[in-house]
Amino acid sequence: MYMKYASTIMSRRMHFPHMSSLKNILYFQSGLGVTANTFLLFSYTVIILCHRPKPMDLISCQLTFIHIVMVLTGGDIWLTHVFESLNLENDFKCKATFYISRVMRGLSICITCLLSVFQAVTISPSTSLLAKFKHKLKTYTIYAFFYLWSFNLSFSSRWIFYVGAFTNVSESNQMKVTESCSLFPMNCIIRALILTVTVSRDVFLVGVMLTTSAYMVTILFRHQRQCKHLHSISHPRASPEKRATQTILLLVVFFVVMYWVDFIISSTSVLLWTYNPVILTLQKFVMNVYPTITPLVQMSSDNRIINMLKNLQAMCHQIFKKC
């Protein structure tokens with residue numbers, strides 16, 4: 001039985017000679033994503049503890065933490081090695097890794113949507129209906145975090161019953177999602193119901209993001225026209241609010257594209273009940289693009305973090321100069 005399983009694995013590797021290259025790219029991407037998000041999380045923690053934080057800082061800090069866990073579980077890097085060192089059962093390892101990955105994936109779209117909505121409220125003019133919510137954003141942020149975490153932790157719990165360690169028994173009824181984990185067969189009605197609920201949630205959240213993005217673009221366009229008229233200059237200096245809004249708009253557009261590419265791949269695979277190692281690795285790469293790019297975009301557009309980097313660079317220069 002073992003020899004048959006080993007020969008099957010070897011034959012699959014021979015059919016996919018570029019798998020090692022793809023995995024190396026995935027590891028590099030994961031390393032970059034974890035490093036960038038860790039530094040960004042540290043920066044937001046310093047800003048929150050030592051300065052007057054904005055509601056957007058609390059949301060961005062939460063999103064950064066989610067992306068760190070998302071990259072670590074999505075690439076099967078950190079949790080896998082931790083579970084192996086603890087000598088935990090493979091079935092528990094599969095369930096825990098897959099469950100955490102799905103929770104973080106759901107939280108990523110929810111928190112990104114929340115970031116977009118709250119930024120739309122922040123830049124809304126005093127005459128708009130959204131202006132009355134500005135002074136209560138911090139309170140709403142705490143409530144929103146509690147609700148979103150509770151919802152995603154409970155909604156993703158279904159995967160605990162449908163994922164586990166890969167066994168060589170009834171292999172045709174299982175769909176491998178990693179080398180050692182697989183999805184177990186589920187009733188067609190349950191599969192369709194899960195897909196319907198997931199699609200409904202994602203369509204709603206993406207719709208909210210696109211609506212708030214259109215609203216913010218309209219406000220920015222009006223503000224730019226007023227600045228040109230008042231100052232008679234073609235390129236007025238961007239305010240911190242404008243830079244933050246442009247950053248969030250860029251992240252929303254990028255997120256929508258990457259999320260739906262990932263969603264199409266995963267949904268098609270589940271419906272057809274087939275996974276190929278190359279497609280699985282490409283899906284992980286696509287899924288990790290957004291959490292890897294997000295901290296780089298946020299760091300390059302936030303003057304507080306840029307100044308922090310400059311101060312850190314100056315300190316390092318002084319230390320090396322003394323040495």
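The model is predicted, so local features need pLDDT of at least 70, side-chain atom pairs count only at pLDDT 80 or more, and totals for chains, interfaces and linings use all residues. Residues are numbered from 1 along each chain as its sequence is written, and side-chain values use heavy atoms, with hydrogens and water left out. The chain has 323 residues, and 44% of them count as buried (under 20% relative accessible area; exposed is over 50% and partly exposed lies in between, with a 1.4 Å probe and protein chains only).

**Fold**

- The chain contains 10 helices and three strands (DSSP runs numbered from the N terminus: helices are H or I with at least four residues, strands are E with at least two).
- Along the sequence the order is α-α-α-α-α-α-β-β-β-α-α-α-α.
- Among contacts with a separation of 6 or more, 78% join residues 24 or more positions apart (a contact means heavy atoms within 4.5 Å).

**Surface**

- The chain has an accessible surface of about 18200 Å², and carbon and sulfur atoms hold 69% of it (Shrake-Rupley method, 1.4 Å probe; for residues, only the protein chains shown count as cover).
- A nonpolar patch on the surface consists of Phe 28, Leu 32, Ile 293 and Leu 296, which together have about 350 Å² of accessible area.
- Patch residues have over 30% relative accessible area and no salt bridge, and nonpolar side chains (Val, Leu, Ile, Met, Phe, Trp, Tyr) are joined within 5 Å, like charges within 9 Å; a salt bridge is a side-chain nitrogen of Lys or Arg within 4 Å of a carboxyl oxygen of Asp or Glu.
- Helix H2 (19-50) and helix H9 (277-301) each give at least two residues to this patch.
- Leu 32 lies in helix H2 and is partly exposed, because its relative accessibility is 35%.

**Aromatic contacts**

- The whole structure holds seven aromatic pairs (ring centres of Phe, Tyr and Trp, the last by its six-membered ring, within 6.5 Å; planes under 30 degrees apart are stacked, over 60 edge-to-face, the rest tilted).
- Phe 98 and Trp 159 are edge-to-face, because their planes stand at 75°, with ring centres 5.5 Å apart.
- This pair links distant parts of the chain, 61 residues apart: Phe 98 is in helix H5 (residues 90-123), and Trp 159 is in the loop between helix H6 (137-155) and strand E1 (163-165).
- Phe 98 is buried at 14% relative accessible area, and Trp 159 is buried at 10%.
- Tyr 259 and Trp 260 form an edge-to-face pair, 6.1 Å centre to centre with 85° between the planes.
- Tyr 259 is buried at 6%, whereas Trp 260 is partly exposed at 21%.
- Ring pairs join Phe 255, Tyr 259, Trp 260 and Tyr 290 into a cluster.
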